[in-house]
Amino acid sequence: MDLMMEASNPKGYLSTPGPDRNGEHMMGTTIMAVEFKGGVVVGADSRTSTGSYVANRVSDKLSKVHDRIYCLRSGSAADTQAVADMVAYYLDMHSVEVDTPPAVKTAANLFKMITYNNKDRLLASIICAGWDAKNGGQVYSIPLGGSIVRQPFAVGGSGSTYIFGHCDSEYKKGMEQKECEAFVSKAIAHAMSRDGSSGGVIRLAIITENGVERKYIPGDKLPFMKDE
């Protein structure tokens, strides 16, 4: 068998190590959400990696769990997709039972319960954001381990470490929708320019009483590009 391999591969090309395409898909990422008076703006980059290999450069990390509630996922792609699917299922059941749309806080607490009860099995960090009639726009951060905290804005993923100072400096209380869109897109673009696990395009969603508006910023039209 070894002789056959040597004969078919005389220069050892097949033994040259390459990127591991069979490893776990990780969402080394930048995710962000911010509240404004009429709702929330959420955004994320689009790179999904397997080790050093970019498995998907245009993935959608904004996951709908109900009509006006979205989650942003970082960590293991498989884990976060499974958790988001479970929360969406429970929210559908809940909304039928109570005959009213679910509260954002309810969704966030479901994420917290699932991630906390399985904290030794999951690699999942979630930002849950949306709008409901009782409390308007809300952003909840559910980091690794399953704690929960409501914040006026939240950032997560590997790229977030590069932009905490930028976000603290640029955030202003009471920003309007357009200001929040610019704030989120610029912060994510800065993270993408520094973090090797973040990249691709920027996807935004504006969630208000009127519904969800999706926006897309291609990679050659980012609000900040390092080489320029």
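**An open sheet, a helix and a buried serine**

In this predicted model, helix α5 (residues 177-194) lies across β2 (31-36), β3, β11, β12 and β13, running at about 165 degrees to β2. Helices (H or I, at least four residues) and strands (E, at least two) are DSSP runs numbered from the N terminus; axes are lines fitted to C-alpha atoms, for helices over the stretch in contact, with angles from 0 to 180 degrees between N-to-C directions. Residues are numbered from 1 along each chain as its sequence is written. Local features need pLDDT of at least 70, side-chain atom pairs count only at pLDDT 80 or more, totals for chains, interfaces and linings use all residues, and side-chain values use heavy atoms, without hydrogens and water.

Let us turn to the sheet. Its 5 strands follow the order β11-β2-β3-β12-β13, open and with antiparallel pairing (two strands pair if DSSP finds at least two bridges between them). Because β11 (153-156) and β13 (211-217) stand at the edges with a single partner strand each, one side of each has no neighbour in the sheet. From one strand to the next, the twist averages 10 degrees. Strand β3 (residues 39-44) is joined to β12 (residues 202-208) by 6 bridges, and G39 has T208 as its bridge partner in β12.

What about the loop between α5 and β12? S198 is placed there and is buried (under 20% relative accessible area, 1.4 Å probe, protein chains only), at 1%. Its side chain makes a polar contact with the side chain of D195 at 2.6 Å (N or O atoms within 3.5 Å, one able to donate a hydrogen and the other to accept it; residues adjacent in sequence count only if both atoms are side-chain atoms).

Note on methods:
Contact = heavy atoms within 4.5 Å. Buried < 20%, exposed > 50% of the residue type's maximum accessible area, 1.4 Å probe, protein only.
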